[in-house]
Amino acid sequence: MAIVFADGTQAHTGKLIQEKVNYYSTITSFSTDSNTLQRMFTFTFTPKLANSTIHHTLEVHGYYGSSGADRNFSCGMNVNGGTEKRIGPNPNSQPSGNDTRNITGFHRGDTPGMSFVINFHNVFTGNADGFPAWSAGDTLAFWADCVGENTLYHCQASQQGQGRFGRGRSKIILQEYIP
């Protein structure tokens, strides 16, 4: 039995269509100049409904190589290899020199000896707010990039040799909903 609210917004027995968790476990390091995005990982997703709503969660694990190093992250997607659309950046004009593709102002590595986890959550709908349209069965490609100073030790632990230490596992979680 479906719950139907007075405004008609819920006429389905459930809104979640599917969920896909894309784990990235490979031990990698990313080092470049502070203006070049580097692809951390990529994967594809097949929607079951045209222009559905996607809940997108990026979780990054790792540590930075030096104190004071600034880094940032960027996520994107495309439909069937078409034009890329970045997920999560502020659409307002940026100060001169800032990258409009990045998710945060920056993430500072003031504690390079400590591992971290960063989470970004975004929700978007196909053919709305600048996102491309898609049909059921299309191929949606998703990716996560990083940029910044010094080195990001991705999916690595800054300490080892004790039972209290471990390594995080980065991931992107996609949940497809009926809009």
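This is a predicted model: local features need pLDDT of at least 70, side-chain atom pairs count only at pLDDT 80 or more; totals for chains, interfaces and linings use all residues.

Visitor: Is Gln18 buried or exposed?
Guide: Residues are numbered from 1 along each chain as its sequence is written, and side-chain values use heavy atoms, with hydrogens and water left out. Buried means under 20% relative accessible area, exposed over 50%, and partly exposed in between (1.4 Å probe, protein chains only). Because the relative accessible area of Gln18 is 15%, Gln18 is buried.

Visitor: With which side chain does the side chain of Gln18 make a polar contact?
Guide: A polar contact is a pair of N or O atoms within 3.5 Å; within protein, one must be able to donate a hydrogen and the other to accept it, and residues adjacent in sequence count only if both atoms are side-chain atoms. The side chain of Gln18 reaches the backbone oxygen of Thr46 at 2.9 Å. At 2.7 Å, its side-chain partner is Glu176.

**Cysteines**

Visitor: How many disulfides does the structure hold?
Guide: A disulfide is a pair of cysteine sulfur atoms within 2.5 Å. Cys146 is buried, because its relative accessibility is 0%, and Cys155 is buried with a relative accessible area of 0%. The number of disulfides in the structure is zero.

**Confidence**

Visitor: What pLDDT does the protein chain average?
Guide: Of the residues, 81% score at least 70. The average for the protein chain is 84.

Methods: pLDDT is the predictor's confidence in each residue, from 0 to 100.
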